[in-house]
Amino acid sequence: MARKDTITINGDEFSFNEGETILQIANRNGIDIPTLCYMKGLNPTGACRICVVEVKGARNLVPSCATPAMNNMVVETESERVIKSRKLNIELLLASGRHNCITCEKNGDCRLQDLAYRYKVETVRFPESETRYETETNALIIRDFSRCILCGRCVQVCNEVQVNRAISYGYRGSASKIVAVGDLPLNESDCVFCGECVQACPVGALTENPSRFQGRPWEVEKVQTTCPYCGVGCQMNLHIKDNKVIKITGTEDVAPNFASLCVKGRFGYDFINKPERLTVPLIKEAGSLKNASWDDALSLTAKRLVDIKSKYGPDSIGIFSSAKITNEENYIAQKFARAVIGTNNVDHCARLCHASTVAGLAAAFGSGAMTNSVADIEKSKLILVTGSNTTEAHPVISSYIKRAVESGSAKLIVVDPRRIPLTKFATLWLRQNLGTDVAWANGMMHVIISEALYDSNYVKDRTEGFEELKKTVEKYDPAFVSKITGISADDIIKAARMYANSRPASIFFAMGITQHSTGTDNVKSMANLAMLCGNVGVPGGGVNPLRGQNNVQGACDLGALPNVFSGYQPVGDPAVREKMEKAWGVNGLPETSGLTITEMVKGAQDGKLKALYIIGENPLVSDPDINHVEQGLKNLELLVVQDIFLSDTAKIADIVLPSASFAEKDGTFTNTERKVQLVRKAIDPPGKAKQDWEIICELSNRMGYAMEYTDSKAIMEEMNSVTPSYAGISYSRLENGGLHWPCPAPDHPGTPILHVGTFTRGLGQFHAIEYIPPAEVTDEDYPLYLTTGRVLYHFHTRTMTMQSEGLNELSPECFVEISPQDAADYNIKQGDLLRVHSRRGEIQAMARVSDQAIKGTIFIPFHFAKAAANRLTNPALDPIAKIPEFKVCAIRIEKV
């Protein structure tokens, strides 16, 4: 039996593993050694000298955080010598600046204060250092240099955790300070205001400006919940005082974010407390919306829906559910559509972002969801990111990717027409022409097959359709593909060899792949590439769509789609309908697929759809070809909007119903990796606003179908009884951080990786796909391409983020991103006001000349209603998924 090394700490003997530090062994065994600069999981610096311990035989005290344990080492953590040293170091730190606790925001939550109290440091023998640098203030972060102890925690988390490289040490000696690049103020620097540095700061040097003087730590209640923005599912603590959210911090030691947040998650909470929130129902009278009672609003809504259903039939009514509401509420919304209205006309915004993902991956694998977990990124040897500006749309996942690259454990291929920030970390960047994704994927597969780099055993044992794929990609040699994509033949070969020779390899994509008239083909091509090299069903591999909204995955899972019930059970399957009819106590559930969002809007334009019930969506900004959307909505006999603010769409509604935000409800969200997570109520909703499920249930009761639930937990129990992939999930099981579906039984651990051993459909299906150009190409009248997307500081249609002063300060208005070459050709300078025309409309916005843009293509963010990019976009649909081609259309520009 191998000898186990041991260490003695404070008289007790412990075994340890090679490489463990004294501090790690002490922590593991419940021995408290105080620290200040140390952060778990990061490289120890030993800078603060607070964690020093006495080692028998050693001349000097050693920092326990950075000292590896040795066999037979004897350590004292609280000897007289150690305590004397700690007290001296605490005194020096207190003298290093202006540590006035009375008005400091960290009073009661300050590590230095705690240490001074613990070691009874009542007086400081050293003179206070002069304040060399002025306090720096912006809308989000206060930097008080007089309180900075130069522990370096902020620098470490910026560079090692978030990998933003925004701050570092500057100057020397007594002039030392933490600086942004060029010692610029944060709001003029590369800082992205994730706030990781603020949460890491152990003293009052870095604090959140919006929460200043809002409440002391001991006055605040913390409630853990799930972030309401993108689909990462970050866990966060809402700090509550007097029924108000006054601050947000990341939840420590909980996946997927382990306390990291982005700027929206940490600072974008103003909307919760805004006085502009809807607090009472509104009914349109004489062309204006007037306050109304719940009884009047719900009775009128019920009567109008019943009348329209009676006159025109159930399929004259449509329901827009929402990726922003909970799983339980999406389940209730689709149940209301099918059991009460009697229609499958229910859909949500996945139609506009990832409908092609669901269709493409379901066809290839049998399941339309992300195959691997976020944590699996750390196991990838190569990461291919395409159609995803990850650092802006999914910042916390981007940090996983950046850490993997910086550690040397993974290589990175980025395929994107824009010079997105992630290209700085890329081993190889392929800059393709818009809408040519099938071509470059076929080109890579051509090389992999022709050079016999593919996993022949995996292809033979686990897939079908390979010969057809092989035949199709034969003509996509690198030279041919280069002419289509603009990517050099050498780079196509290099990318193919890198991907094939680095296993496991993972693929991540988002709407740059999906929002095309060939979106489903694009997704199938990603699946082809992954299966070809045996990268599906393995740790560190997979095809991983990054979902854009907090619960877009859950809304799909729970049946807010026109062709499936919850759990993707087809509405056309008689056995499934019989099961749902029995569970819901109804007969004759509709058997044909309903209309998608885009089809419902067209139906409204054509007069076939008479009523729309919209929950938490804002199609007057988010949908393509907004001019026609507006015509369609105004053509309806009844428009009901259920939301937290009076959105652009709500302003033209006949009835507006005020709903609760994520902070005011219990329930669950399902994040991009299929992990079901708890949403916990922290405060009461404003005024008379109600939870979305409560509103729908009360409306259903008025329409003659009883929906009675005591709470969201009761809804989950019902929905799980009819949804096999969720059957084993319960609120009690989710308390410890969440479960990945499928989770078919109460004792099932969940499924972080799909398709292990076998695909959901049995064998993985290769699809032989030919390249098809975009639906709209440039010509003499419209000589430039437009592509759209997100910016870091805003979300969707800005209904929530526009309420934040800090976010608006960082991103105040729409812009037209244009390459330096195009700017020179059109004589455009930074800040010029431009008019942008497409075949569908025009907008005006300021020019932003940037080398992120590629010649011939401009980029416009879609968030801004006053310059809505979707007045320009092409409503051409993918024939399978019915997703619009947001990512490519032809435009022209001119200076105003």
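# Reading helix packing and burial in a predicted model

User: Which two helices pack at an angle of about 60° with their axes 9 Å apart?

Analyst: Helix α8 (residues 294-312) and helix α25 (residues 692-702) pack in that way, at about 60° and with axes 9 Å apart. The relation of α8 to α25 is therefore oblique. The model is a predicted one.

User: How should I read such a pair of values in general?

Analyst: Two packed helices are described by the angle between their axes and by the distance between those axes.

User: Which residues of α8 and α25 meet?

Analyst: From α8, the residues are W294, D295, L298, S299, T301, A302 and L305. They meet I695, E698, L699 and R702 of α25.

User: What is the angle between α13 and α19, and how far apart are their axes?

Analyst: Helix α13 (residues 437-450) and α19 cross at roughly 20°, and their axes come within 9 Å. α13 and α19 are therefore roughly parallel to each other. Their crossing is left-handed. On the α13 side, the residues that meet α19 include W440, M444 and I448. On the α19 side, N522, M526 and L529 are among those that meet α13.

User: Now burial. Which residues of helix α24 are buried?

Analyst: The general idea comes first. An α-helix has 3.6 residues a turn, so residues three or four places apart point the same way. In α24 (residues 626-634), the buried residues are I626, V629, G632 and L633. These residues lie on the same side of α24, because the arc they cover around the axis is only 115°. Q631 and K634, on the other side of α24, are exposed.

User: How do α22 and α24 cross?

Analyst: α22 passes α24 in a left-handed crossing. The angle between them is about 60°, with the axes 7 Å apart. α22 is therefore oblique to α24. At this crossing, V601, A604 and Q605 in α22 meet H628, V629 and G632 in α24. V629 and G632 are also among the buried residues of α24, and V601 and A604 are among those of α22.

User: Which other residues of α22 are buried, and what do the buried residues pack against?

Analyst: The buried set of α22 also includes I597, T598, M600 and G603. The buried residues of α22 pack against α24 and β26, and also against β16 (317-320), β17 (346-347), β38 (874-877) and β39 (884-885). Just after α22 comes G607, with a positive phi of about 85°.

User: Is helix α10 largely enclosed or largely exposed?

Analyst: Helix α10 (residues 355-365) is largely enclosed by the rest of the structure, because eight of its eleven residues are buried. The buried residues are A355, S356, T357, V358, G360, L361, A364 and F365. They pack against helices α18, α19 and α20 (552-557), and against strands β22 (505-509), β23 (543-545) and β32 (764-765). G366 follows α10 and has a positive phi, near 100°.

User: Where is T518 found, and what is T518 in contact with?

Analyst: T518 is in the loop between α18 (511-514) and α19 (519-532). T518 counts as buried, because its relative accessibility is 10% and the cut-off is under 20%. Beyond its neighbours within four places in sequence, T518 is in contact with I772 and D878.

User: Which domains does the assignment give?

Analyst: The domain assignment gives domain 1 (6-78), domain 2 (103-119 + 126-271), domain 3 (282-352 + 551-740), domain 4 (371-545) and domain 5 (784-895). Taken over C-alpha atoms, the centres of domain 1 and domain 3 are separated by 56 Å.

Terms used:
Residues numbered from 1 in each chain as written. Predicted model: local features only at pLDDT ≥ 70, side-chain atom pairs only at ≥ 80, totals over all residues. Heavy atoms only, no water. Domains from an automatic or database assignment. Buried < 20%, exposed > 50% of the residue type's maximum accessible area, 1.4 Å probe, protein only. Helix = DSSP H or I, 4+ residues; strand = E, 2+ residues; numbered from the N terminus. Arc of directions from axis to C-beta. Axes fitted to C-alpha atoms, helices over the stretch in contact; angles between N-to-C directions. Parallel < 35°, antiparallel > 145°, perpendicular 65-115°, else oblique. Contact = heavy atoms within 4.5 Å. Left-handed = near helix turned anticlockwise from the far one by under 90°.
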